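Please keep the sequence and the model in view while reading.

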Amino acid sequence: MNRNVVLLLICLCVPLFSQITWTEHTIAGNFDGAIWAHALDMDNDNDIDILGAAWEADAISWWENGGMQNFTEHNITNNFDGACCVFGVDLDQDNDGDVIGAAYFDNTVAWWENNAGVFTQHVITNTFPGAYSVYATDADDDGDIDILGAARGSHTIAWWENNGSQGFTEHFISTTFLDASSVYAKDIDGDGDMDVLGAAGLGDDIAWWENIGSQAFVQHTIAGNFNGATAVYAADLDNDSDIDVIGAGYLANTIAWWENTGNQVFIQHDLVTALNGAGAVYAADLNNDDTLEVLGAAWYANTIGYWGNISGIISNTFDYAHSVFAIDIDDDGDLDVLGSALNADDITWWESDFVGIEENENNLIDDSAFGSSIISGHLILPEGHSYAIYDISGRQVPAHHLEHGIYFIKIDDKIVRKIVRIN
């Protein structure tokens, strides 16, 4: 017997519901003092590999993805004293992943050249006291990758200019940024050159340095009393075509974002204010709705979570959660989350089970079973199938009592249609 529902049917090929289920996968459970994790395709085999830095082990390692998220560890170094940050990028542009790292006690920023899985260390500087954070981008718009660093011991933000052959020249941006703990780069003012951001733990500062041309930088304070500012990131959070700023304050127990209201005038908005030891931030679109969520790691709350159009706690038992990152590790069309836990000695990823048409292949049900793709009358649901209807939040609703709004049809446990209820 056919069942009729008054609907306008629109075929859609993008992911749908807001709720996300996370499945935890441990990559390394004994990486002593796992303090940082990053990810990219290291070996150019079209899957995502993992990088980690271990504070206690003085180690940098990478985990090769065998293709089904089965990871094999390869140690790069275990003699990098106070390894505290790692970043992967194709620095020499030879189509594989190289590695950049910071070592707090060695006062060193170095990079490891990847040659078919054999890594050669190149020291960029060993006179960068308390080296703590690194980032890489083309800072001077000359087509090669430069390196930025933050040093807690010397209160310094610096960048190293790549001459095109991985010869680096040091340039200081600030030497008075107290307890410089994080560095990032983004074109904040939209003038086509790269600006620099930093977080200062003792200075309680979130700041950006405007590139006024030829990499001459002028400092602007975004927040001067953000207690224990320890992490900074930048992205367009409100979709207004300018760059906003995100930060974590481990003494403020706060993750906040600063709205760029135009002309780089920033207004603070707190996302969470009771996150004990908020220590890391990142931004990514976790539910494919073209808006960004803010991810955070909290040292003392042992927490990985996210806040924005959707919010949730991924884990609150991740002992001394120290870093967070998002990337599609399993290549299923949604972003997964990667983290490191200093006390747990863990590098872990959480698989997103975001519900949507892309993941469930919308062509499993023949269009002809529904009649026309767009109708103004009754929708005839086919015989011989199980079906369910959900509202925009993912809550199942009865087919015979739909208010105006957007709904989704599941046929035989596969989401196959978006429907809009109209008169």
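How many of the 423 residues of the protein, as a percentage, count as buried?

## Overview of the model

Of the 423 residues, 56% count as buried; buried means under 20% relative accessible area, exposed means over 50%, and partly exposed lies in between, with a 1.4 Å probe and protein chains only. This is a predicted model, in which local features need pLDDT of at least 70 and side-chain atom pairs count only at pLDDT 80 or more, while totals for chains, interfaces and linings use all residues. Residues are numbered from 1 along each chain as its sequence is written, and side-chain values use heavy atoms, with hydrogens and water left out.

The protein contains one helix and 35 strands. Both kinds of element are DSSP runs numbered from the N terminus: helices are H or I runs of at least four residues, and strands are E runs of at least two. The protein exposes about 17100 Å², of which carbon and sulfur atoms supply 44%; such areas come from the Shrake-Rupley method with a 1.4 Å probe, and for residues only the protein chains shown count as cover. A contact means heavy atoms within 4.5 Å. Among contacts between residues at least 6 apart in sequence, 42% join residues at least 24 apart.

## The sheet from β8 to β11

Strands of a sheet pair through backbone hydrogen bonds, either parallel or antiparallel. Here, two strands count as paired if DSSP finds at least two bridges between them. An open sheet is built from four strands in the order β8-β9-β10-β11, with antiparallel pairing. Because β8 (83–89) and β11 stand at the edges with a single partner strand each, one side of each is left without a neighbour in the sheet. Neighbouring strands of this sheet are turned by 25° against each other on average, direction ignored; the axes are lines fitted to C-alpha atoms, for helices over the stretch in contact, and angles run from 0 to 180 degrees between N-to-C directions.

Strand β10 (residues 108–115) and strand β11 (residues 118–125) run antiparallel and are joined by seven bridges. Within this pair, alanine 110 stands opposite valine 123, and asparagine 114 has phenylalanine 119 as its bridge partner. The two strands form a hairpin with two residues between them, and alanine 116 in the turn has a positive phi of about 55°.

Threonine 125 also belongs to β11. Threonine 125 counts as buried because its relative accessibility is 6%. Its side chain reaches the backbone nitrogen of threonine 127 at 3.1 Å. Apart from neighbours within four places in sequence, threonine 125 is in contact with Asn107, Thr108, Val109, Trp160 and Glu170.

## The sheet from β24 to β27

Another open sheet has four strands in the order β24-β25-β26-β27, and its pairing is antiparallel. Its edge strands, β24 (278–284) and β27 (312–315), each pair on one side only. Strands β25 (residues 293–298) and β26 (residues 303–307) pair over five bridges. In this pair, alanine 297 stands opposite isoleucine 304.

## Buried residues and their contacts

Serine 61 lies in strand β6 (residues 59–65). Serine 61 has 0% relative accessibility and therefore counts as buried. Its side chain makes a polar contact with the side chain of glutamate 73 at 3.0 Å. A polar contact is a pair of N or O atoms within 3.5 Å; within protein, one must be able to donate a hydrogen and the other to accept it, and residues adjacent in sequence count only if both atoms are side-chain atoms.

Leucine 40, in strand β4 (residues 34–40), has 16% relative accessibility and so counts as buried. The C-alpha atoms of leucine 40 and isoleucine 329 are separated by 8.9 Å, although the two residues are 289 residues apart along the chain.

A nonpolar core is a set of buried Ala, Val, Leu, Ile, Met, Phe, Trp, Tyr and Cys residues joined through side-chain atoms within 4.5 Å. The largest such core has 129 residues, of which Ile206 and Ile347 touch the most other members.

## Loop residues with positive phi

Asparagine 253 lies in the loop between β21 (244–249) and β22 (254–260). Its phi is near 55°, a positive value in a residue other than glycine. With a relative accessible area of 21%, asparagine 253 is partly exposed.

Tyrosine 320, in the loop between β27 and β28 (321–327), has a positive phi of about 60° although it is not a glycine. Tyrosine 320 is buried, with a relative accessible area of 19%.
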